[in-house]
Amino acid sequence: MKRALALLPPLLTLALILGIWAAFTGPTGLPSYLLPSPSLVGAALWSGLVTEGTDWPHLAFTLTATLVGYVIGSIGAVLVGALVAESRLFERFVYPYIIAIQAMPKVALAPLILVWFGFGLASKVVLVALICFFPLLVNTITGIRGADREMIEMARSFSRSGWFVFVHVKLPAAAPAIMAGLQIGIVLALIGAVVGEFVSSDRGVGYVIGSATVNMNVAVMFAGVLELAAAGMAGSTLVRWLHRRIVFWEGRPSHPSAES
Amino acid sequence: MSAVPLSLSGVGFAYPGREVLRDLSFTVADGEFVAVLGPSGGGKSTLLRLVAGLLPRSAGDILVKGEPVRRPRQDVGMVFQKATLLPWRTALDNVLLPAGFRRGASAAELERAQALLKAVGLPDAAGLYPSQLSGGMAQRVGLARMLLHDPDLLLLDEPFAALDAMSRERMALVLQELWLARPRAALFVTHSIPEAVFLADRILVLAGRPARVLLDWKVELPRPRRPETMADPLFNELALALRHEFDKVAA
Ligand SMILES: Nc1ncnc2c1ncn2[C@@H]1O[C@H](COP(=O)(O)OP(=O)(O)O)[C@@H](O)[C@H]1O
Ligand SMILES: [Mg+2]
């Protein structure tokens, strides 16, 4: 009941937006090749997802590229991040370049990646992996570096190995930063997949939006954008949920009161 | 009997551009509780880190049971000023850290960890996370963790400094009780004169820049010491004399 009530205000906002939208796109409003009415977009969604079902293979393609690239990029980022954070040598030789690449917009590489990896799924996966790699890499490094010095000395003073200290002290200490990097990454991953499809593809939601642009079929474009929005929201909600479950200790003071 | 638990001769240490300790020489005998008193920033934590093998080699010799200290040893245990509990582990798992947590611990170690939690007065805290413990409870878990490790040399770096006065006195009693159950060599750093007099067999005063051992006094109060000990004339005499010495150093 409470939850249902909490949903009410945003639903009212939605109704208001739809109302204004409908008013502007009525018979006397904007032409539908500029802004289609909500009902036209609804019809495009309905046929794409329900009656014709033609959107599903495209969604599946985009989501596959997103998830596979995300998983590869994220695992790579944590592994390389751990290496850089733990090894002086690696840090000195590699870290400056990581910082430089981090500052570069990776989508600019999309055409090159398409040339190298073809126009199918592989190039999208590579682009996605590359885009979500760097923020997570930087977060992993700062997270591991930021592990409490006394905590590390404590574990060392009990003669625990360097590996033990890494796995049981540094990595958990870095977990909040890593989870934050994963949250940034899931949003970037979807962007990467769609950009890849814009540049060149014969499948995917990005491709559908791109070809609808050519036909001036704005209702279909809107439908595609809404599908991507839903996928993005679902993804980041899932990661946020994982974040809270995995890093359950985050944000809690370690000692709420001073007396014994 | 094995060699002396701890012996320092001519120990010095400098951080880059800052000499902290110079020419420290003293020994701690088996079963002897030694308090190290000194002003903050005076190099007390540095001294304990050196003895624990957490800092790279210094000038002079630090011998634990006759062997030079190069890295942390199995038979030396340290308690830090902060409780340094892992927030992502329960109290019981934190106590079991020296044994590799619950998964790595033997049945005997698990049983001992539970007994130790009881001994420090936390029989019901096993499943709690550090965020659910008060500062005093967290330090008790830290004590239990060190005792599970069961070292022959205890190093305690102002373990009660972050607690309020009441908890401090209670914790001093808990510490004494645990130590009396198996008296061993202990080096206890504090900047509280009453705490040092209450707990120690011997008090070293570390002061100056760089710091040296300025005083080495015996505390001849009977054990176990009780809250009433603080009303003992000898207790007050010693505390006052130490206070005077400190004022002289500060002047
Ligand atoms: N890692 C470090 N690098 C440089 N200087 C340090 C470091 N740790 C402590 N110091 C300095 O050494 C001095 C002694 O510190 P410390 O041993 O912590 O003193 P105490 O424990 O008696 O308060 C202080 O002036 C402190 O600023
Ligand atoms: Mg200190």
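Buried here means under 20% relative accessible area, exposed means over 50%, and partly exposed is in between (1.4 Å probe, protein chains only). You're looking at a predicted model, where local features need pLDDT of at least 70, side-chain atom pairs count only at pLDDT 80 or more, and totals for chains, interfaces and linings use all residues. To find your way, number residues from 1 along each chain as its sequence is written, letter chains from A and number ligands from 1 in written order, and note that side-chain values use heavy atoms, with hydrogens and water left out.

**Stop 1: the rings.** Over all chains, the structure holds 11 aromatic pairs. Rings of Phe, Tyr and Trp (its six-membered ring) pair if their centres lie within 6.5 Å; planes under 30 degrees apart count as stacked, over 60 as edge-to-face and the rest as tilted.

Select A:Phe164 and B:Phe101, a stacked pair at 5.5 Å centre to centre with 15° between the planes. This pair crosses between chains, from helix H8 (residues 162-199) of chain A to helix H3 (residues 101-104) of chain B. Helices (H or I, at least four residues) and strands (E, at least two) are DSSP runs, numbered from the N terminus. A:Phe164 is buried at 10% relative accessible area, and B:Phe101 is buried at 3%.

Next, pick B:Phe160 and B:Phe188: their planes sit at 50° and their centres 6.2 Å apart, so this pair is tilted. B:Phe160 is in the loop between E7 and H6 of chain B, while B:Phe188 is in strand E8 (residues 185-190), 28 residues apart. Buried or exposed? B:Phe188 is buried, at 0% relative accessibility, and B:Phe160 is buried at 0% too.

**Stop 2: charges over rings.** A charge sits over a ring if NZ of Lys or CZ of Arg is within 6 Å of the ring centre and within 35 degrees of the ring normal. Go back to A:Phe164 and show A:Arg160, which lies over its face at 4.5 Å from the ring centre. Over at B:Phe101, B:Arg89 lies over the ring face, 3.8 Å from the centre.

**Stop 3: a glutamate in a loop.** Select B:Glu158, in the loop between strand E7 (153-157) and helix H6 (165-181) of chain B. B:Glu158 is buried, with 9% relative accessible area. Leaving out residues up to four places away in sequence, B:Glu158 touches B:Lys44, B:Gln81, B:Val189, B:Thr190 and B:His191 (contact means heavy atoms within 4.5 Å).
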